[in-house]
Amino acid sequence: MVQVPRYEILENGLGFKGVWRQNFFKNNNPLVLELGCGKGEYTIGLAEMFPEKNFIGIDIKGARMWRGAKTATNNKMKNVGFLRTQIELLQSCFASEEVNEIWITFPDPQIKYRRRRKRLTAPDMLNIYAGVTAKNALLHLKTDSQFLHGYTLGVLEGNNHKVIEALYDIDKQNPHNQILQIKTNYENIFRQMGLPITYVKFRLNM
């Protein structure tokens, strides 16, 4: 297998399925994904905060991830990678129980009913995540959308998933959590609009 630089945006993860730690990161550290990573601000922020973990930002638009990949390259970050693929294809890129944690940051809430299956916390999407996450893996949703926040809590409760923490406004309810203080480009825009930022931490009932 050809060695791929850790900072490079991969077009697919088929060749690394099941061996991301060994063949890509060259270690055995926990693996964390950011889904819909955009410019990669959260992936980079988390990787700087937790050098003992491996992070992969995933998005379908490679032009967005270029910013994060460039930052990782310039800072010589060895625990960061970026993968260009559809989130629906996660099980083609990662093996069962290979992923230890997932972050979903400011996804499109897909408010229209006909788009409900595209919501990143829809039941079918959670089933995809269950196919790649380890037992007791943590999942996080951070969003400005009160609609998606409430929808997600309803889906989690209705499917017996475990909600660990649910905040309707992180600034009022948990302002000192450094992990939640990492900001994406979208978050800065939403904050300028005066929108509260919500957060849900949960585990899947597997």
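These are my notebook entries on what I looked up in this predicted model.

**Ground rules**

I count residues from 1 along each chain as its sequence is written, and I work with heavy atoms for side-chain values, leaving out hydrogens and water. As the model is predicted, local features need pLDDT of at least 70 and side-chain atom pairs count only at pLDDT 80 or more, while totals for chains, interfaces and linings use all residues.

**Whole chain**

I started with the secondary structure and found eight helices and eight strands. Helices (H or I, at least four residues) and strands (E, at least two) are DSSP runs, numbered from the N terminus.

Next I looked up the radius of gyration, taken over C-alpha atoms; the globule rule is 2.2 Å times the number of residues to the power 0.38. A compact globule of 206 residues would come out near 17 Å, and the chain's 16 Å agrees with that. Along the principal axes, the C-alpha atoms fill a box of roughly 45 × 35 × 30 Å.

For the accessible surface I noted about 10,200 Å², with 50% of it belonging to carbon and sulfur atoms. Such areas come from the Shrake-Rupley method with a 1.4 Å probe, and for residues only the protein chains shown count as cover.

How much of the chain is made up of buried residues? I wrote down 46% of the 206 residues. Buried means under 20% relative accessible area, exposed over 50%, and partly exposed in between (1.4 Å probe, protein chains only).

I also checked contacts, meaning heavy atoms within 4.5 Å. Among those between residues at least 6 apart in sequence, 74% join residues at least 24 apart.

**Aromatic rings**

I found ten aromatic pairs in the structure. Rings of Phe, Tyr and Trp (its six-membered ring) pair if their centres lie within 6.5 Å; planes under 30 degrees apart count as stacked, over 60 as edge-to-face and the rest as tilted.

Phe24 has a relative accessible area of 1%, which means it is buried; Phe25 is buried at 3%. Ring pairs link Phe16, Trp20, Phe24, Phe25 and Phe94 into a cluster.

**Charges over rings**

A charge sits over a ring if NZ of Lys or CZ of Arg is within 6 Å of the ring centre and within 35 degrees of the ring normal. Arg116 lies over the face of Tyr113, 3.9 Å from the ring centre. Arg119 has its charged end over the ring of Tyr151, at 4.7 Å from the centre.

**Positive phi**

Most residues other than glycine have a negative phi.

Phe106 has a phi of about 50° and is not a glycine. I located Phe106 in the loop between strand S5 (99–105) and helix H5 (123–130). Is Phe106 buried or exposed? It counts as buried, because its relative accessibility is 8%.

Asn160 is not a glycine either, and its phi is about 60°. The loop holding Asn160 runs between helix H6 (146–158) and strand S7 (162–167). At 60% relative accessibility, Asn160 counts as exposed.

Gly68 sits in helix H3 (residues 62–74) and counts as buried at 1% relative accessibility. Which residues does Gly68 contact, leaving aside neighbours within four places in sequence? I listed Lys39, Ile44 and Phe82.

Glu101 has its place in strand S5 and is buried, with a relative accessible area of 12%. Not counting residues up to four places away in sequence, Glu101 touches Leu31, Val32, Leu33, Lys53, Leu138 and His140.

**Helix H5**

The buried residues of H5 are Met125, Leu126, Ile128 and Tyr129. They cover an arc of only 155° around the axis, so they lie on the same side of H5; the arc is that of the directions from the helix axis to the C-beta atoms. Their cover includes strand S2 (31–35), helix H4 (90–93), S5, strand S6 (133–143), H6 and strand S8 (198–203).
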